[in-house]
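Take a look at the structure below.

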Amino acid sequence: PLLCRFERNVEEDSAVENVVIYNHGFPDASVEPLQQVVGGFDEKAGETKKSSTSAAAQGDSSTPTKPHNSDKNHYFASRLPRKWSEAILKKFPKTAFVCFNTRGILGSAGNFADKTLIEDLDDIHQIVTASFQKYQRLENIVICGMSTGAFLTLAYLTDPRASNFGAIKAGVLLACVKDIPTSYKLDFSKEDLESMEQKGYCYKCFGGGAQHRKQLNVGYLRSYSKFEPMAKMARRLKLPVLLLHGTKDQHVPHSDHAQQLYE
């Protein structure tokens with residue numbers, strides 16, 4: 001299963017008509033398991049919203065099991081999904097906010113070392129499918145992504161599987177790169193790349209509260225090349241997409257990415 005957090009601003013799942021799905025970047029997480037938290041996010045701000053913990057099946061990505069609920073929700077792993085959730089649920093009625101950890105990340109099934117971007121793309125499909133199963137009156141879905149999660153969101157919006165869901169209406173891309181195959185240079189240092197070449201793996205640290213340092217195998221690096229260039233991918237895009245990018249972003253420079261992606 002994938003570790004998820006579902007927030008809604010209505011009493012029952014059956015009243016939800018709109019869903020916003022947030023896809024985290026790399027290396028990062030959206031959700032932090034309760035059992036791993038010391039201190040952590042204060043959920044008092046979320047007490048006015050109805051929340052549940054869910055898991056989408058990891059087997060066949062085309063047919064995930066229906067999410068199940070738990071009495072307690074997990075913590076948001078970072079400020080960004082928490083603030084987005086608060087803003088979206090305050091603004092739009094009959095709405096749910098969904099965030100999740102891709103496989104191998106903090107509480108989700110799978111081995112972090114064996115992650116690939118293709119599998120992360122499958123995880124988005126699982127969450128979309130699980131949202132339809134959870135919210136029976138669902139009419140509109142907007143998929144949002146941050147950094148690596150942004151280009152995976154764009155890739156999913158052009159994926160044939162997404163066209164099966166007429167309720168997917170738009171995407172929001174925050175700090176998206178202009179090209180997926182070459183963007184590995186932003187995620188991996190020179191030392192990381194040398195380690196990948198010489199040893200077949202490197203170590204990456206990712207957040208979610210305390211820092212976690214784990215081995216990541218070369219398959220993740222190679223999976224960047226499995227994606228088409230953005231220009232080719234964009235020709236298949238049939239949905240509106242909002243690009244958000246800070247002009248002072250030093251990790252993914254605005255002028256080198258968002259501006260060129262827009263053009």
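This is a predicted model: local features need pLDDT of at least 70, side-chain atom pairs count only at pLDDT 80 or more; totals for chains, interfaces and linings use all residues.

Start with a helix, α1. The buried residues of α1 are Pro-81, Trp-84, Ser-85, Ile-88 and Leu-89.

What covers the buried residues of α1? The cover includes the strands β1, β2, β5 (75–76), β6, β7 and β8 (168–174).

Helix α1 holds 13 residues, 79–91. At 1.5 Å a residue it should span 18 Å, and its end C-alpha atoms are 18 Å apart, so the two values agree.

## Strand β6

Now turn to β6, one of the strands that cover α1. How many of the residues of β6 are buried? The count is 6 of the 6, so β6 is largely enclosed by the rest of the structure.

In a regular strand, side chains alternate between the two faces of the sheet. In β6, Thr-95, Phe-97 and Cys-99 point one way. Ala-96, Val-98 and Phe-100 point the other way. Residues of both sets are buried.

With β1 it runs antiparallel, joined by 5 bridges. Here Arg-5 stands opposite Cys-99 of β6. With β2 it runs parallel, joined by 6 bridges. Here Ile-21 has Val-98 of β6 as its bridge partner.

## Asn-23, a buried residue

Asn-23 belongs to strand β2, which covers residues 18–23. Is Asn-23 buried or exposed? Its relative accessible area is 1%, under the 20% cut-off, so Asn-23 counts as buried.

Asn-23 also has a polar partner. A polar atom of its side chain lies 3.3 Å from the backbone oxygen of Gly-149. Gly-149 is also among the residues that Asn-23 touches. Others include Phe-100, Thr-102, Ile-124, Cys-144 and Leu-152.

## Salt bridges

The structure holds 14 salt bridges.

| Pair | N to O distance |
|---|---|
| Arg-137 and Glu-17 | 3.0 Å |
| Arg-103 and Asp-123 | 2.6 Å |
| Glu-228 and Arg-236 | 2.6 Å |

Take the salt bridge between Arg-137 and Glu-17. This pair links distant parts of the chain, 120 residues apart. Arg-137 lies in the loop between α2 (117–134) and β7 (140–146). Glu-17 lies in the loop between β1 (2–8) and β2. Arg-137 is partly exposed, with a relative accessible area of 44%. Glu-17, at 14%, counts as buried.

Next comes the salt bridge between Arg-103 and Asp-123. Arg-103 lies in the loop between β6 (95–100) and α2, and Asp-123 lies in helix α2, so the pair ties together parts that are 20 residues apart in sequence. Both Arg-103 and Asp-123 are buried.

Where does the pair of Glu-228 and Arg-236 stand, buried or partly exposed? Glu-228 is partly exposed, at 25% relative accessibility. Arg-236 is partly exposed as well, at 37%.

Salt bridges can also form a network. Arg-8, Asp-13 and Lys-134 are linked in this way.

Notes: Residues are numbered from 1 along each chain as its sequence is written. Side-chain values use heavy atoms; hydrogens and water are left out. Helices (H or I, at least four residues) and strands (E, at least two) are DSSP runs, numbered from the N terminus. Buried means under 20% relative accessible area, exposed over 50%, partly exposed in between (1.4 Å probe, protein chains only). A polar contact is a pair of N or O atoms within 3.5 Å; within protein, one must be able to donate a hydrogen and the other to accept it, and residues adjacent in sequence count only if both atoms are side-chain atoms. Contact means heavy atoms within 4.5 Å. A salt bridge is a side-chain nitrogen of Lys or Arg within 4 Å of a carboxyl oxygen of Asp or Glu. The expected span of a helix is 1.5 Å times one less than its number of residues. Two strands pair if DSSP finds at least two bridges between them. Lists of a residue's contacts leave out its neighbours within four places in sequence.
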